[in-house]
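Have a look at the fold first, then read on.

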Amino acid sequence: MVGSSHEALHRIFQKEPGLLTSALQQVLSVPFPTPHDFAAMNVDLTEIEPVERRVDTLLRAETDEGAYLLVVESQGKPDERKRGSWPYYLSYLYEKYRCEPVLIVVTQSSATARWAAEPIHLGVRGMPSLTVRPFVLGPDNVPVIATRQEAERDVPLAVLSAMTHGRGRQAPAILESLAAALRTIDRDSAAALVQFVDSCLTDPQAQRMWRDLMTAMQYFWRHPLAEEVREQGREEGRVADRADMTLRILEWRGISVPDAVRERVVSCSDLEQLTTWSQRAVHATTAEDLFAGPNG
């Protein structure tokens, strides 16, 4: 399973390498030749010296113009160390493979995208010996794909759109369109793409919506992420049961429950906290006694 948005933002291109070409050509307007073959490469760029250096994803693209090395870096926030490591990656790869290296940075942050797009100049100010200009994919240039028709035309690009824009007011339309489009491709590919989106949805409401949409897709329930969703559902059920038990104990004991107390109990999602409150309910003399004591 994909465990984080960092992993998802670059591994999506390992699963769908053609998406990288589409992003370069359509999103960034780079005259990149269309590859007829891709090959995953070792991401370890460590030399004999014991200094470990790894890129996130490295692909070799074979085109009619020759081979290119596509270096994909997932970036969550600005990191000035990259201003030194990115030029190293490109120089090392060119020296080792004698292929043209291309650096693509992927981010969910507009601020990080602006930082990453700044050219890296090494050498004399105004007359650098080396300049690196990263290509950047982020929320300011990846298209918002919010209709079913658009999503069905290019499902991988719709996945990248959801991974980049899956928050705020546009999230429902983006996710619903993608969910519909995933039904038009083979089940194994769709199940894998579901993971990438799930890992990148940092907004809890958007992730909940996405998982609700996925429950309607039968093949999804054979996927490892499905067990996580089911477990989350079981956990939510236990939380609801415990909250209900706490209030019922008070009511059984003839203790009135003000709306403020009821709201606090019902809105709590911490099972351990609810367990503490249910234990206090057995001995409480007022509803407010639930919150008297250590840990609220």
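**Strand 3 and its neighbours**

Strand 3, spanning residues 66-74, is mostly covered, with eight of its nine residues buried. Keep in mind that this is a predicted model. Strand 3 pairs with strand 2 in the antiparallel sense, while strand 3 and strand 4 run parallel.

*The strand 2 side*

- Strand 2 takes in residues 57-63, and seven bridges tie this strand to strand 3.
- Getting from strand 2 to strand 3 takes a hairpin of two residues.
- Another pair to look for is T57, which sits opposite V72 in strand 3.

*The strand 4 side*

- Strand 4 covers residues 100-106 and is linked to strand 3 by seven bridges.
- Here, Y68 faces E100, with the latter in strand 4.

- Zooming out, you get an open sheet of five strands, ordered 1-2-3-4-7, with mixed pairing.
- Strand 1 (37-40) and strand 7 (135-137) are the edge strands; each has a single partner strand, so one side of each has no neighbour in the sheet.
- From one strand to the next, the twist averages 25°.

Methods:
Residues numbered from 1 in each chain as written. Predicted model: local features only at pLDDT ≥ 70, side-chain atom pairs only at ≥ 80, totals over all residues. Heavy atoms only, no water. Buried < 20%, exposed > 50% of the residue type's maximum accessible area, 1.4 Å probe, protein only. Helix = DSSP H or I, 4+ residues; strand = E, 2+ residues; numbered from the N terminus. Pairing = 2+ DSSP bridges. Axes fitted to C-alpha atoms, helices over the stretch in contact; angles between N-to-C directions.
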